[in-house]
Every structure is written in structure tokens, then in C-alpha cells.
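Subject: A structure for you to look at

Hi there,

Here is the structure I promised to pass on to you. Please have it open while you read the notes under it.

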Amino acid sequence: MTKNSSKSPCPVKAKNPLSKARDIAYIRLGRKNLKMATQYYLDFGLSLLEQTENRILFHGLNTEWPCWSIEKHHEDVLLGLGMYISSNEELAKLKDLKGAVYLENGRFASSNFYPTINIPDPSGLSVDAVLNSNFQIPLPKINRKRKQWNTPNQTDRINQPSPFDRGAAKILRLGHAVLLKQEFFKNAQWYCDTFGLIPSDIQILPDSKEPVIVFLRCDLGNQLTDHHTIVIANGPDDRLEHCAFELEDLDEVAKGREWLLEKGWKPAWGIGRHLLGSQIFDYHRDPAGMLVEHYSDGDKFDNTIPVSYHLVNRKSLYQWGQDMPENFLDSKLTLDKIYSLIKGKFSGRNIKIGNLISLKKTMKISPRKWIQY
Amino acid sequence: MATNYIRFEKEKKIDWAKWENGKLFPLLAGDLNTKEFLEFVKTKPKISESSKLSLEEVSLLSPITAPCQIICQGANYEQHLIESGLNPKEKKYNLFFTKSDASLSPPVGEVIRPNHVRLLDYEIELGLVFGKPINQSLESNSFKLSDYVSALFMANDISARDIQLPQMQWYKGKSYRSFLPAGPILAVLEEGDVSLLENLELTLLVNDRIRQHDSIAGLVYKPEETIQELSQFCDIMPGDVLLTGTPSGCALRAPGKLVQKIAALLSEKRKWELFIKGQLKRTEYLQPGDTIRSSIRTADRRIDLGDQILKVVQEK
């Protein structure tokens, strides 16, 4: 086999996907310490929806639907995710998939009754397709008065300083999830084939030109949707790299940061503006060490915008902002990850170790080596 | 920011349209050639919002029209030079060649492989469209790129390597009909756009696998010095184009230095027989049924030359 023919293809929009997901619905996390996780996510800005001994459900201000479920578990781990679909036909098609389980009353029976199909993705992650026939991204309920800005051309705020709210960020909704996968292409194409997701941007390795990161958006036809709802990235193990929550504006992002820092929680990277997707971002770490992001002002695309290809490196992640800290990308090869790799290899997975090494190498190169904080 | 236009056919009528946010706004300009169109847009035509079209409703045409002069640069990306066994630092001259304008073809459609050709290759390139005549030698540093270059477009410099190299027929090997898919977008430049050129990323995929990817920053001879050099030996008219060379990753792979030395001892006939035999082992050459997709744009999509989708077919 020549070097070229063993190269992975890029994930592509499916001609006849089984469904067309409307948005991400929720993330389910297992946590050893439920109490601490609850306190953290309240400080992070989520609203409490339902609390039992073994499970806490949170929602964003946009809706009363759960978008974040913290469940009692013996380890800190991703348990699953949900995607909204909108028709019975889609539900029927997904029902026929191998390993599909029908949850008539939905995943969280006490708070919503959306019929749900549970299916495993290629890496075995539990994925729920949640039927919500009237789905549309609801308009945010924001009570705050629109912030007044003074610009060189226009003075809106007269005879008064700029008031800065204090408190936890007001989270509107869960925006996207970034999943690391040992088998990149297989998983990425599965999300395109199963949920009709479309690649917005694909990042490739500098020498081999192998794709390693894909930003996938929903296909809502001529309606606008987030630049990415699910991101699949090549990783040494299968896990959730981070989730991002939408806030109203830059001030709200800064407000959320202030509040978390005051409460003594760990920041991770920010504030800055992404390049692919354009969001203003601020990353933090929850008590389990997992990254979570506050963002605002992301790109919205319809289905006419074609995929774009870029080299992967640190500079490709932001247009401006604080330099990415050395420890932001968890690229340390821990015993756990080595074990995951060996396990994956033995179970016959097509894991490209060369890609992982190359990815690690290219992500190490700082775009501004001369800055020392 | 550059303004994007396309040339299209709908119901057997040719027209130009402005391309904005995924929609086409027909200009009712009629079947203008590239030169006439560049003049036409200077009049700032009014655009009717009501008549917008989607891509599916039209057939895309090359925004570059014949007759025109097509000047090409060879071996002009650092990585491509390294791959060809050359040292970019030792490159002493700008390599020029031309293609026939009969090779111009639509950006979405077919590339026809002639029956006697086995080594069909692809080359994604950034194309520059001249908007002002050049008929005398230009001093270096005395002009800005934007003085002479009015627009950008994407080109695929298709070649028949088994005609180009063994027969030393560059013109013929690169000029068969359908060997220059161009467009879809004609990006008419505005003040300040030139500084964005370095951020343009070129990508070419065959059957969804990436073969070529580089940015304009990798150019060895930049457009200004190339145009200055061209002005010393040829005349250029508005509507003429310059293809700036292709990044690494073509199907063609030059034999190593040692093999070249040994080959030099062989007869010309034997040498090229071995060359073709060697190249035929490479799976990268285009075959009927292959799909070539390519794009040129900046990561922030401020400059976007659109997407080419081409199917390789055998000559009938």
C-alpha cells in the first residue's frame, strides 16, 4: 500500500443522512463529587432545574429543557450526549440502527417527555436522538438593559460611568461539544451520516495533510446555525475535550470570568477571539479538571457555506487574546491514555499513532515564543 | 474587501452576478468578456435584491474568457521545489510557460483525459487578472500590485505529464481542452486587499483526500517581482492572466538525484521509457471517475475564491 492510499479521507456532508439534527440538546457527565460539581456549575452560570440524590439537571436561560446533567458516578467521565431531531421519520430511521434503544419518555422522564432513541457512536459513546417536533432555537429571555457603548462617533452614555454587573454569567444555552476520538474519520463521518452534520472547517497536519479536527454544523437548510455544534478531534483516548455555553456579549463573558476567579475556581485560557468560528472565548476548568467555555458572538452559517481547510497549530485557534497557556491542551501522555491507546489497538481500532505524535508536535509550537508572563 | 462575481449560464443566456453570503445577484450585464466586465463593474452597477438566485439554479462558467494570454509560473512554492529535488535558496530564475486559452473550462464540470494520455496531473494555483496594459519595462519598486492586477481567481493547471516531459511539449501537454478549469469566483480587488494575499490557503483534494495545501506565503517569486520581470519581455493586455505556480503534492514526483545521474548515461528514448514506467506505478495520477475538489480562501473567509468540483472522464 502506498503512503497516499492509506491517508484518511476528509469527512464530507452525507447525501442522504438518517436525520438532520437541529442542535445539541444536552451533555451527561458522571462525577464522583456531585456537591462540588453542582456548586461549580452554579458559579459558572447554569440554572438549576432539578436536583435528586443521584442527578442534578441544569438549564440555560433560553429554555426550561435540561442541557447539562451531572450524574453520580464512580469516575469523572462523559456519559453521553443528546441531539435534537424534529420528525417521526427521522426517529424511525434511527430506531433501525444496530444497538438502538427506544426511550419512550425520554432520558429525563421527570422534566421532559420527548421520545428518544439511544444509539452508540463508533467509539461506543451513548448518543440520544431527542424528538422535539417544534424545535427552534428560542429567543433568549434577557432582562438586562442593552449595554450602552460610547464610540468615537456616538455617545450613548452621557454623564455616567460604565456600570459593570457582578455575579455568575447568564448562560443562554449549550452551544457545542468537542469530542476527542481515537478513530477520527470513522466518528466524524458517522455524525455526518447519522445527524446530517456538515463540515465547516477542517484542520490538517502540516506534513502528511491528514485531517485531524473537523468543525461540524447542523444542516438547517437556509436557516442559520452555529459554525459548529459538534467538533471531532483526533485524540489518544475517547473523551469530552470541552463544552461551550453561549452568553449575550463580551461584557457578560468578562463578568463570568470575574465571578469564577473571585470564587477561587481555576481559569484555563482567555479572554480571546477564535479564528475558526470567530467566538469571543473564555475557558475554565471544572473541579474534575475538564474544560468549559463561555462564549459570545460566534459565526452563524446556513447550508450554502462550503468547507474550508487549514493547517492545525496554536495560531489557528485565535485571532487575538492572551497566549494559550502551556498546560491548556492536555497533551501529556499519562498512563491512562497509554492504556487507552493499547486497549484501542488490541480491539482492532484503526488508530493512527503517527498522527497523534505529529499533532502533539505541531501544537507545541507557540506562535509568540518571545512572550514570557 | 474584494467583491466576488461569477459568470454563469441560465436558460441558454450568459450573464454575470455578484456573489454575496452564498447568494447570486444577477447584474444583467450580458455576455461580456473578462476585460469588458472589469470595465463594467467600475460603473458600480445597481443590484436588484429581488432577483437573487442560488447556485443550484445556474451553470457556472469560467470567469476568464478566451481570447486571452495565459502566462504560468513553474516551480514557485518552496515545498514544491524541495519535493522536486531543488533547493529553494538556489533557485536562480523565474520559470515561465504558457497555456492555450482553448484549455479554459468551467469550475464545476469535467476534466477530459485524452485517449493517449496516461499521466494526467492536477495543480491548484492562484490566478491574477491584469486590469491595465503593460507595454514597457516596469521599474521594480515603482508600482504597486494593485496598479496592474484587478482581480483574483482559482485555476487548476491540468497537465499531461507524458506529453509535457518526454516530448518536451509544455504548451501541448498543458493545453488540451478542459485543462484549465477556472473560477468560480472573480474576486475584484479593492484597496488594502493585497495585504491579505499571504493568508490565502490553497487546498486540492482527490476523492476527498487532501493532496495539496499551502498558503500564498510559500511563493518563491512574489507577484510584484514576477510582473516586473514579465514587463521586460512581453506585452500584457487587460483580461490576460498569470497563474502563480502550484504547491507541493502533485502526482508527478521527480526521480532522486542519483537516479537522475544514472539516467543521464542512458539514451534519451530509454530514459523517458523508464520515467513513464516509474510514474505509472504512482497511484496519484488522475483516473476516469476521480473527483477533484479545490478551494482557495483565507481562514476568516475575507477573500474566498469559491469551490471547484471536477469529475475526470475519458475522452470519447
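Below are my notes on rings, a strand and a surface patch.

This is a predicted model, in which local features need pLDDT of at least 70 and side-chain atom pairs count only at pLDDT 80 or more, while totals for chains, interfaces and linings use all residues. Residues are numbered from 1 along each chain as its sequence is written, chains are lettered from A and ligands numbered from 1 in the order in which they are written, and side-chain values use heavy atoms, with hydrogens and water left out.

Let's start with the rings. A pair of aromatic rings is described by the distance of the centres and the angle of the planes. Rings of Phe, Tyr and Trp (its six-membered ring) pair if their centres lie within 6.5 Å; planes under 30 degrees apart count as stacked, over 60 as edge-to-face and the rest as tilted. Over all chains, the structure holds 30 aromatic pairs. One of them is edge-to-face and joins Tyr40(A) to Trp265(A), at 4.8 Å centre to centre and 85° between the planes. Tyr40(A) is in helix H1 (residues 34–44) of chain A, and Trp265(A), 225 residues apart from it, is in the loop between helix H4 (250–262) and strand S15 (266–274). Helices (H or I, at least four residues) and strands (E, at least two) are DSSP runs, numbered from the N terminus.

Phe44(A) and Phe245(A) also form an edge-to-face pair, because their centres are 5.5 Å apart and their planes at 75°. Phe44(A) counts as buried at 0% relative accessibility, and Phe245(A) counts as buried at 0% too. Buried means under 20% relative accessible area, exposed over 50%, and partly exposed in between (1.4 Å probe, protein chains only). Ring pairs link Tyr40(A), Tyr41(A), Phe44(A), Phe58(A), Trp68(A), Phe245(A) and Trp265(A) into a cluster.

Now for chain B. How many residues of strand S5 (residues 70–74) of chain B are buried? Five of its five are. On one side these are Ile70(B), Cys72(B) and Gly74(B), and on the other Ile71(B) and Gln73(B). S5(B) runs antiparallel to strand S6 (residues 95–99) of chain B, with five bridges between them, and Cys72(B) stands opposite Phe97(B) in S6(B). With strand S17 (residues 241–243) of chain B, S5(B) pairs in the parallel sense over three bridges. Two strands pair if DSSP finds at least two bridges between them.

Finally, the surface: Ile342(A) lies in helix H5 (residues 335–346) of chain A and counts as partly exposed, at 43% relative accessibility.

Enjoy exploring!
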